Amino acid sequence: MKLTFLGTGTSTGVPVPTCGCRVCCSSDPRDQRLRPSILVEWDGAAVLIDTSTDLREQALRFKIERIDAVLYTHSHADHILGLDDLRLYNWRQGGAVPAYGNAATLGALSRTFWYVFSDESAEHTRPLIDRREVTGPFELANRTVRPIPIRHGTLEILAYRIGAFAYVTDANRIPESSYSLLSGLDVLVLNALRERPHPTHFCLSESLAEAKRIGARQTYFSHISHEIGHSGISSTLPEGVALAWDGLVLELDEANW
């Protein structure tokens with residue numbers, strides 16, 4: 001299994017327009033973060049987690065040749081606004097792209113992208129999206145995808161687990177019943193917004209505590225704001241925990257899964 005971090009930033013991306021802070025002005029390419037998304041590939045299949053606002057740029061930068069499905073975590077703008085760019089893959093692949101999410105997320109997609117799902121005839125090209133509600137584990141390209149309920153403020157959203165990999169973004173609380181679904185991981189991707197507390201996202205100290213409790217062999221922090229500089233924070237992290245960056249590629253050995 002191959003993981004490509006397409007974007008490791010927050011809703012604003014980094015650098016942030018109008019900001020002249022140390023991180024926004026950094027020359028370290030790891031401090032330049034597109035909006036959050038990851039590409040997961042196995043056995044010839046390519047699956048996106050979220051269609052970020054920057055999907056077109058991510059597709060060009062990382063040469064995404066196909067998208068076989070999208071797993072949506074939730075419906076906030078930075079996680080869905082690239083949906084219209086899926087039409088390019090409809091043309092190339094000759095069919096609809098399945099989009100998985102809970103009922104609330106699919107409902108929000110239908111409202112936000114009303115023209116995509118309208119029954120009215122269209123005079124313009126629109127994406128072909130096959131909405132598929134997630135109510136439990138499901139099969140995708142010969143793998144079992146396990147949804148994991150987490151909390152983002154008052155909103156219940158989804159993390160996803162495929163084999164010994166899990167992707168958890170925008171969380172500020174993990175329900176007790178979800179921890180068992182995160183046991184035995186080789187790789188965990190977890191949001192870590194900033195050092196200061198935040199009402200709807202884990203801050204760095206909370207993310208470190210969650211990483212320790214979950215106990216994955218390796219944890220990568222993503223969904224990182226401009227308040228965290230890569231080199232400065234990386235040197236303070238414990239063994240088995242690291243900051244991700246745009247373009248980081250991981251090859252996971254599935255032999256023991």
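## Accessibility, salt bridges and strands

Reader: What makes Arg 217 an exposed residue?

Author: Arg 217 has a relative accessible area of 67%. A residue is exposed over 50%, buried under 20% and partly exposed in between (1.4 Å probe, protein chains only). The value of Arg 217 lies over 50%, so the residue counts as exposed. This is a predicted model, in which local features need pLDDT of at least 70 and side-chain atom pairs count only at pLDDT 80 or more, while totals for chains, interfaces and linings use all residues. Residues are numbered from 1 along each chain as its sequence is written, and side-chain values use heavy atoms, with hydrogens and water left out.

Reader: How do you know that Arg 217 and Asp 186 form a salt bridge?

Author: The closest N and O atoms of the two residues are 3.4 Å apart. A salt bridge requires a side-chain nitrogen of Lys or Arg within 4 Å of a carboxyl oxygen of Asp or Glu. The distance of 3.4 Å meets that limit, so the pair qualifies. It links distant parts of the chain, 31 residues apart: Asp 186 lies in the loop between β10 (165-168) and β11 (187-191), and Arg 217 in the loop between α6 (204-214) and β12 (218-222). The helices (H or I, at least four residues) and strands (E, at least two) named here are DSSP runs, numbered from the N terminus. In total, the structure holds 15 salt bridges.

Reader: Why are Asp 54 and Arg 35 called buried?

Author: Asp 54 has a relative accessibility of 11%, and Arg 35 has a relative accessible area of 17%. Both values fall under the cut-off for burial, so both residues are buried. Their side chains meet in a salt bridge at 2.7 Å, N to O. Another pair, Asp 31 and Arg 33, meets in a salt bridge at 3.3 Å, and both of its members are buried.

Reader: What makes Asp 28 a buried residue?

Author: Its relative accessible area is 16%, so Asp 28 counts as buried. Asp 28 is placed in the loop between β1 and β2. Leaving aside residues up to four places away in sequence, Asp 28 touches His 230 and Ser 231, where contact means heavy atoms within 4.5 Å.

Reader: How do you know that the buried residues of α4 line one face of the helix?

Author: The buried residues in α4 are Thr 105, Leu 106, Ala 108 and Leu 109. Seen down the helix axis, they fall within an arc of 160°, so they line one face; the arc is that of the directions from the helix axis to the C-beta atoms. On the other side, Ala 104 and Arg 111 are exposed. The cover over the buried residues includes α2 (77-80), β5, α5 (114-117) and β6.

Reader: Why are β6 and β14 said to stand at the edges of the sheet?

Author: The open sheet has 7 strands in the order β6-β5-β4-β3-β2-β1-β14, with mixed pairing. Each of β6 (129-133) and β14 (249-251) has a single partner strand, so one side of each is left without a neighbour in the sheet.

Key. Two strands pair if DSSP finds at least two bridges between them.
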